[in-house]
Amino acid sequence: MMEIHLDGKRVEVPAGSRLGDLLPEWDFRFSVAVIRPALEEDAAESQEVRFVTTAGEFVVEVADPAFTARLLRPGLADRLNLHWQDRYAAALGPFESNIRPARAPGRYERGDVVLGCGGYDPAQSYLIFARMRHTADYGAPADGGVIGRVVTGRGLLDRLGEGDRVTGLERILRRADRSHATITRDAELPLEDGMQVVTFVEAEVQGAGEDGFDTRTARSVEHFLLSVQGGRFRVGRSSSTHILDPHLVPTKVPPEFSGPRLEGTVTVRTAGKSTGAVYIYTQGVSASPVHTVVGKVVHGLELVRFAGEGDLLAIRAKPEQFDLVGLSLAEAGEVAARRGIAFAADGDEGDRVVVGQTPATTLEVLAAGAVRVATEPSGSVVSITLDEAAAPRSVTIFREVTGLKHHAVGKMPLAFQFEDVFLFKPKIAKGVGIIPENTPTGEVPAYTLAMTNDSRRGAGMVGIRTTPNAEFGPTSEPLTGTNVIGKVLDAGDLPKMREGATIYVREVK
């Protein structure tokens, strides 16, 4: 038998097993990280250690491989409490070491990590983190005792305060260690004893904690939850510091919390050409006013570190999005009950569909512990499918202007109705080009959904025709001016609607 570490759990598999045997129900469109056991001499190449504290995380690059091993020995993290601090430094400990104090001052720079001791007693040793350039006698050896430098999260040194402590220490596996790591979608990949397999990324959202919910990042977090709603993170770009998923670009996201972007930090870009992209950092960089911090990876960093452009990653968010829009009233009530949220609706007669909720964002709902929904009779909601493959730009515009980009139900006003044609006029911003795409060449079937392109004066009109027509499209324009974007699955009460009414549309995927 072989022992495999699958997402942090030990699993035994028969010798000769392959990745598909370990993951028999896995969708191999998603990439997984497979990390081979490193030889001891190879493992020494990675000398960065993550300090997880009650105030946050920072990373120390350790100069001596032997000291890295000492840091990672069991029990040391439990002894690293904030013992003292001043404007110059903060000390964590005490613990026992074998240093020989020189009884002489040393000169230190901001970010230096010093091994010193109190009262020149090695049994009372400390890790001392320099907050600024200064000279001091910390009971360090003659060489000054600098054992490393803080390379990520240096700003956290200033925030360490009374009661803070280290909760964990772990070695960081960097991209340079690719000789031991593979990102794969190959079910036939042979397994080796001691391998680590990481299949998903899990992130805790900003503002969600054991002591309650902070709603100051509610809108940005909602955008992140929407981005990963389907459990997917498609890597559109991979760099030395981050990976990003641009599939919701462009989307306006408000700047709400600009914090340090440590390894594992999740942000949303709030300005520039990548506005709306979701970033996950593999290396610490400074805070940026155009990035709002929306979460932190708590599992699967190995998958993030080694992912490349085009990889599709499975991702989970904690807590998951709370969005009832598009559900039947009964389904919405069940979801609220399951998550412990008090539920109220604007009506309960007949078969109804949720078209709005208050509060609108997940963090606000969870903080309030209650939600109220707006509903419409199911006959007022038209069910459609959209053909994104054939008309990607037109479908993107349609989702944006109807609200389907953000929820399962959108809406648009009925502008005109005559004979077998229903015309809608959603508000499309000036300058948005609707290029001809997916224009029909033969008879257009009944209940086709279409948008007029820029070749006609009525560009942006959306139409549905209840009968087939070989001469004019659903918006009553010639076929060359018609972009087919989908079809109506269930027209509901559409034939009864009159001009000026609001029509709700539900996308069936």
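## The largest pocket

The lining of the largest pocket divides into 14 nonpolar, 10 polar and 13 charged residues; here Ala, Val, Leu, Ile, Met, Phe, Trp, Tyr, Cys and Pro count as nonpolar, Asp, Glu, Lys and Arg as charged, and the others, Gly among them, as polar. The model is predicted, with local features requiring pLDDT of at least 70 and side-chain atom pairs counted only at pLDDT 80 or more, while totals for chains, interfaces and linings use all residues. Residues are numbered from 1 along each chain as its sequence is written, and side-chain values use heavy atoms, with hydrogens and water left out.

The volume of the largest pocket is about 1,400 Å³. Among the 37 lining residues, H247, L248, R399, K405 and K509 are the closest to the centre of the pocket. A pocket is an open set of points, on a 1 Å grid over the protein atoms alone, where a 1.4 Å probe fits and protein lies on both sides within 12 Å along at least five of seven lines; lining residues have an atom within 4 Å of a point. Grid points are joined across faces, edges and corners, and the volume is the space filled by probe spheres set on the points.

Two or more lining residues come from each of helix 4 (218–227), strand 19 (232–234), helix 8 (392–402) and strand 35 (502–507). Helix 8 gives the largest share, six residues. Helices (H or I, at least four residues) and strands (E, at least two) are DSSP runs numbered from the N terminus.

Seven strands form a closed barrel in the order 29-34-32-33-31-30-35, with mixed pairing; two strands pair if DSSP finds at least two bridges between them. From one strand to the next, the twist averages 40°. Helix 8 packs on the sheet, touching strand 29 (381–386), strand 30 (409–418), strand 32, strand 33 (462–465), strand 34 and strand 35, and its direction makes about 100° with that of strand 30. Such angles run from 0 to 180 degrees between N-to-C directions, with axes fitted to C-alpha atoms, for helices over the stretch in contact; contact means heavy atoms within 4.5 Å.

T448 stands opposite K487 in strand 34. T448 also belongs to the residues touched by G463, together with F422, L423, L449, A450, P474 and T475, when residues up to four places away in sequence are not counted. G463 lies in strand 33 and is buried, at 0% relative accessible area. Its C-alpha atom is separated by 8.9 Å from that of K425, 38 residues apart along the chain.

## Backbone features

Most residues other than glycine have a negative phi, and most peptide bonds are trans. Phi of D7 is positive, near 50°, in the loop between strand 1 (2–6) and strand 2 (9–13). D7 is buried, with 18% relative accessible area (buried is under 20%, exposed over 50%, partly exposed in between, for a 1.4 Å probe and protein chains only). Phi of Y447 is also positive, near 60°; Y447 lies in the loop between strand 31 (421–424) and strand 32 (448–452) and is partly exposed at 26%.

A cis peptide bond joins K318 and P319, with omega about -10°; P319 lies in the loop between strand 25 (312–318) and helix 6 (329–338). Another cis bond joins T358 and P359, with omega about -5°. The loop between strand 27 (352–358) and helix 7 (362–368) holds P359.
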